[in-house]
Amino acid sequence: VLGTRFNHSVDDNILLLGFAGLMLIAAWQMWVNRVARGNDTAAAQSAARRTDSGAVATMARPATARLVITPALIAKVLITGTVVGLITGFFGVGGGFVIVPALVLALGFEMAEAVGTSLLVITINATVALVSRLGANLGIDWAVAIPFTVSGVMGVSVGKKLADRVPAATLVRWFVGLLVVTAIYIAIRATGALVGEPS
């Protein structure tokens, strides 16, 4: 709600440039985080090989482990959720581009956990937003919405099958690459629009 209020006072192209910068920062942080995790894993594997018993040493939290709910974790989740909401309202965007980096960087989620959690959050947010606007004129272009939704569902199905065969580290690299490419494209378009605007 606060982000949406702030959004109205800023030029659209300035918002796009700001969002492009935010995406580049998120991509950089995710890359640094991935490298750090890779180093931690390599160190743990090296330590395991050096044990006399040959037993595998305990490594970072596995994907199947459950988070321990503590007051500190609750505060972290609330703060992260509020920041994500502020960014979503301010820039008029959201989805995985904002939620996935937040979950990976702020809460230490693995990529698969972040994607699944973000999809649930997006579904709930979208449902609430749609229901809250049912009494108003939604302005939906069904000729676009229906085929877009159908093709999107098909794309999700194919993407899920591909993701199941790709290591988490590779998914992070691809996601970082997507963030960078998209950010550059948005920045170029927004800069061109600003330069082309009459003074």
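Ala, Val, Leu, Ile, Met, Phe, Trp, Tyr, Cys and Pro count here as nonpolar, Asp, Glu, Lys and Arg as charged, and the others, Gly among them, as polar. By these classes, the lining of the second largest pocket holds 13 nonpolar, five polar and two charged residues. The model is a predicted one.

**Fold**

The chain has seven helices and zero strands. Read from the N terminus, its elements run α-α-α-α-α-α-α. The chain has 199 residues, of which 20% count as buried. Take the contacts between residues at least 6 apart in sequence: 74% of them join residues at least 24 apart.

**The second largest pocket**

This pocket has a volume of about 820 Å³. Helices α4, α5, α6 (142-163) and α7 each give two or more residues to its lining. The lining counts 20 residues in total. Val115, Leu119, Gly159, Lys160 and Ala163 lie nearest the centre of the pocket.

**The largest nonpolar core**

Which residues touch the most other members of the largest nonpolar core? They are Met30, Met111 and Leu179, out of 27 residues in that core. The elements that supply two or more residues to this core are α2 (12-50), α3 (71-91), α4 (96-107), α5 (111-132) and α7 (168-196). Leu179 touches Met23, Ala26, Ala27, Met30, Phe97 and Pro101, with residues up to four places away in sequence left out of the list.

**Aromatic pairs**

A search of the whole structure finds two aromatic pairs. The table gives their geometry.

| Pair | Centre to centre | Angle between planes | Type |
|---|---|---|---|
| Phe19 and Phe91 | 5.6 Å | 50° | tilted |
| Phe90 and Phe91 | 5.0 Å | 80° | edge-to-face |

Phe19 sits in helix α2 and Phe91 in helix α3. Phe19, Phe90 and Phe91 form one aromatic cluster.

Are Phe19 and Phe91 buried or exposed? Both are buried. The relative accessibility of Phe91 is 18%. Buried means under 20%, so Phe91 counts as buried. Phe90 has a relative accessible area of 23% and is therefore partly exposed.

Terms used
Residues are numbered from 1 along each chain as its sequence is written. This is a predicted model: local features need pLDDT of at least 70, side-chain atom pairs count only at pLDDT 80 or more; totals for chains, interfaces and linings use all residues. Side-chain values use heavy atoms; hydrogens and water are left out. A nonpolar core is a set of buried Ala, Val, Leu, Ile, Met, Phe, Trp, Tyr and Cys residues joined through side-chain atoms within 4.5 Å. Buried means under 20% relative accessible area, exposed over 50%, partly exposed in between (1.4 Å probe, protein chains only). Helices (H or I, at least four residues) and strands (E, at least two) are DSSP runs, numbered from the N terminus. Contact means heavy atoms within 4.5 Å. On a 1 Å grid over the protein atoms alone, a cavity is a set of points where a 1.4 Å probe fits but cannot get out, and a pocket is an open set with protein on both sides within 12 Å along at least five of seven lines; lining residues have an atom within 4 Å of a point. Grid points are joined across faces, edges and corners, and a volume is the space filled by probe spheres set on the points. Rings of Phe, Tyr and Trp (its six-membered ring) pair if their centres lie within 6.5 Å; planes under 30 degrees apart count as stacked, over 60 as edge-to-face and the rest as tilted.
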